[in-house]
Every structure is written in structure tokens, then in C-alpha cells.
Amino acid sequence: MISVTTPTLENGVIVEYRGIVTGEIVAGINFIKDFGASIRNIIGGRSAGYEEELVEARNNALREMEAKAAQIGANAVVGVKIDYESFGNAGMIMVIATGTAVVVQNK
């Protein structure tokens with residue numbers, strides 16, 4: 001499955017649009033990672049724990065979106081957009097991947 005942010009594929013022709021597909025992930029940040037991030041806020045630097053959580057959540061959202069595209073007979077997703085949201089003090093992040101499922105044939 002190919003997923004791209006562009007509306008077309010360079011070496012392919014879109015022959016059918018199957019519809020909008022999404023992948024939604026809500027993930028919790030555990031206490032230890034949250035504590036480490038608090039220290040980083042004070043002393044500066046990157047929070048590897050949060051970054052790992054974001055990468056994992058993004059990858060899971062993309063895989064879920066691609067799986068939904070495959071279920072409706074698509075072989076690619078174009079116009080992919082990824083959105084992130086945090087839930088205040090709850091230590092939760094939400095990642096949503098959205099795109100258009102299409103059937104592509106090679107040129």
C-alpha cells in the first residue's frame with residue numbers, strides 16, 4: 001500500500017476513487033515518560049519518551065488507515081494528512097491520519 005501526501009502518484013494513474021479513509025489512535029503517555037518530559041521542560045532538551053510515543057501513534061494511525069483502504073479495494077491512499085491533539089492533563093494524545101483511498105494503475 002502506498003500512502004502519499006500529494007493528490008497524485010508520479011508513476012501511476014488513478015482509475016478509481018474509493019472514498020475517504022481514516023485511522024484514529026488515542027494513546028496514553030505513562031507516568032515515567034511524563035515525569036521525564038517535565039524535567040526536560042525545566043532543563044531544556046528533547047523528550048525522547050514523548051517522541052517515541054508520537055512516532056508509534058503516527059505509524060499505527062497510518063497502518064489503520066491503509067488497512068481500511070485495502071478493505072474497500074484500494075491499492076493506494078492520496079492526499080494524506082496527519083493531525084495531532086493532546087488531551088490536557090490527562091496524558092493522552094490522539095493522532096488521526098486521513099486520505100482518499102484510490103485504485104492506481106502503473107503508467
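**Exercise 1. How much of the accessible surface of the chain belongs to carbon and sulfur atoms?**

Solution. The structure is a predicted model. The accessible surface of the chain is about 6,800 Å². Carbon and sulfur atoms hold 55% of that area. As for burial, 28% of the 107 residues of the chain count as buried.

**Exercise 2. Determine the order of the strands in the sheet, and state which strands stand at the edges.**

Solution. Begin with the elements: the chain has two helices and four strands, and these follow one another along the sequence as β-β-α-α-β-β. Next, consider the sheet, which is open, with mixed pairing and the strand order β1-β3-β4-β2. Because β1 and β2 each have a single partner strand, they stand at the edges, and one side of each lacks a neighbour in the sheet.

**Exercise 3. Describe the pairing between β2 and β4.**

Solution. In general, strands of a sheet pair through backbone hydrogen bonds, either parallel or antiparallel. Here, β2 (12-28) and β4 (residues 92-106) are antiparallel, and 15 bridges join them.

**Exercise 4. Is Asn11 buried or exposed, and which residues does Asn11 contact beyond four places in sequence?**

Solution. First, locate the residue: Asn11 lies in the loop between β1 (2-3) and β2 (12-28). Second, apply the cut-off: exposed means over 50% relative accessible area. Asn11 has 57% and is therefore exposed. Third, list the contacts beyond four places in sequence: Gln105, Asn106 and Lys107. Between Asn11 and Gln105 the C-alpha to C-alpha distance is 8.6 Å, with a sequence separation of 94 residues. For the chain, 76% of contacts between residues at least 6 apart in sequence join residues at least 24 apart.

Definitions and conventions: Residues numbered from 1 in each chain as written. Predicted model: local features only at pLDDT ≥ 70, side-chain atom pairs only at ≥ 80, totals over all residues. Heavy atoms only, no water. Buried < 20%, exposed > 50% of the residue type's maximum accessible area, 1.4 Å probe, protein only. Contact = heavy atoms within 4.5 Å. Areas by Shrake-Rupley, 256 points an atom, 1.4 Å probe, with all protein chains shown as cover. Pairing = 2+ DSSP bridges.
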